[in-house]
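Please keep the sequence and the 3D view at hand while reading.

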Amino acid sequence: MIEDVLEFLEGDLSAVEEAVRRAAADEIMPRFRQLAAHEIVEKNGPHDLVTVADRLAEEHLTASLTALLPGSVVVGEEAVHADPAVYEALSGDAPVWIVDPVDGTRQFVHHDPGFCTLVALARGGELLASWTFAPALKEMAVAVRGRGARLNGQPIRSGSPEPGKTLEVAMSHPDFTTEEQKRALLGLRTPGIHGRPCGSAGLEYLDVARGAIDAVAFSWENAWDHAAGLLLLTEAGGAHATLSGAPFRLAGGNALPFTAARDTATAERVLEHLRAGRA
């Protein structure tokens, strides 16, 4: 099976990009700023929403992506919400498409264009390729392991923050943190760091990958929120680590919070403050 995946990656990946664009065109954008009240549901609170667009886009992508790579499976946010056992595929042998049909559903619901569709391809816990598509912003970022990262076809690099600058860090919303994680994140409320609540995780990763912000610090580990962005940032030259210093694991069990940053030095600086806040 790994030979099939490698052959797929060596081929033209434009079919995946087209599948992502088509799902957004068919199921997401026609409903942007057009949702009826009954098409929006709270899952675990007012900041955790799902819409008919999320469900239909995930179904669309599940069908198209598995057709492109026979033998592959999908771990999607809405499928896991319906059946948590689906998540176990991340630890299996089959190639896995990790899908967040609408990342930033809260923004989507509130007519904000800051949402995106996230797709990543992994096998055995190893990220191989990713697609981050913000249809309302007309931005498509693609990363392939060992081949770099591109935004709308142009290479991007995260670079490093200027010496002495205040770091801009997007952080988990307090609703998604434990008390211990809140204390850790409070460590970023310090001179030299400007922390703010994150929007769409996928778009925050994109902003780190292109050097628009310096880091993210997240306290939840759902693979669909992070897989695409982590590969994008890594291929752009960035770094990531969990609170223990170990790399982020797709299947879970990470020491949280974790950070992803423009370079290794910035990631280490963020981790230092997270640890200090927790102490």
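D225 is buried, with a relative accessible area of 9%; buried means under 20% relative accessible area, exposed means over 50%, and partly exposed lies in between, with a 1.4 Å probe and protein chains only. The residue D225 belongs to helix α8, which covers residues 223-235. Helices (H or I, at least four residues) and strands (E, at least two) are DSSP runs numbered from the N terminus. The model is predicted, so that local features need pLDDT of at least 70 and side-chain atom pairs count only at pLDDT 80 or more, while totals for chains, interfaces and linings use all residues. Residues are numbered from 1 along each chain as its sequence is written, and side-chain values use heavy atoms, with hydrogens and water left out.

**Surroundings of D225**

- Neighbours within four places in sequence aside, D225 is in contact with D100, D103, L118, A201, G202, Y205 and W220, where contact means heavy atoms within 4.5 Å.
- Three of these partners, A201, G202 and Y205, are buried residues of helix α7.
- Helix α7 spans residues 201-209 and is mostly covered, as nine of its nine residues are buried.
- Just after α7, G211 takes a positive phi of about 80 degrees.

**Overall form**

- The protein contains nine helices and 14 strands.
- A compact globule of 279 residues would have a radius of gyration near 19 Å, and the 18 Å of the protein agrees with this; the radius is taken over C-alpha atoms, and the globule rule is 2.2 Å times the number of residues to the power 0.38.
- The C-alpha trace spans about 50 × 45 × 35 Å along its principal axes.
- Of the 279 residues, 53% count as buried.
- Among contacts with a separation of 6 or more, 65% are between residues 24 or more positions apart.

**Surface and charge**

- The accessible surface comes to about 11800 Å², and carbon and sulfur atoms account for 51% of this area; accessible areas come from the Shrake-Rupley method with a 1.4 Å probe, and for residues only the protein chains shown count as cover.
- The protein has 24 positive and 39 negative charges, whose mean positions are 6 Å apart.
- Lys and Arg count as positive and Asp and Glu as negative, while His and the chain ends are not counted; the place of a charge is NZ of Lys, CZ of Arg, CG of Asp or CD of Glu.

**Nonpolar cores**

- In soluble globular proteins, nonpolar side chains tend to be buried together.
- The largest nonpolar core has 43 residues, of which I98, L127, I156, V216, F218, L232 and L250 touch the most other members; such a core is a set of buried Ala, Val, Leu, Ile, Met, Phe, Trp, Tyr and Cys residues joined through side-chain atoms within 4.5 Å.
- Helix α8 supplies the largest share of this core, with eight residues.
- Apart from this core lies another, of 31 residues, among them V5, L121, V142 and V144.
- Beyond its neighbours within four places in sequence, L250 is in contact with Y87, L90, I98, A122, G125, L127, A223 and A227.

- L274 lies in helix α9, residues 264-278, and counts as buried because its relative accessibility is 0%.
- P257 is located in the loop between β13 (239-242) and β14 (258-261), and the peptide bond from L256 to P257 is cis, with omega near 5 degrees.
- The C-alpha atoms of L274 and A122, which are 152 residues apart along the chain, are separated by 29 Å.

- H111 is not a glycine, although its phi is positive at about 70 degrees.
- H111 sits in the loop between α5 (105-109) and β5 (116-123) and is partly exposed at 43% relative accessibility.
- N152, another residue other than glycine, has a positive phi near 50 degrees.
- N152 sits in the loop between β8 (148-151) and β9 (154-155) and is partly exposed at 45% relative accessibility.

**G148 in strand β8**

- G148 is found in strand β8 and is partly exposed, with a relative accessible area of 21%.
- Neighbours within four places in sequence aside, G148 is in contact with V142, A143 and E235.
- The C-alpha atoms of G148 and L118, 30 residues apart along the chain, are separated by 17 Å.
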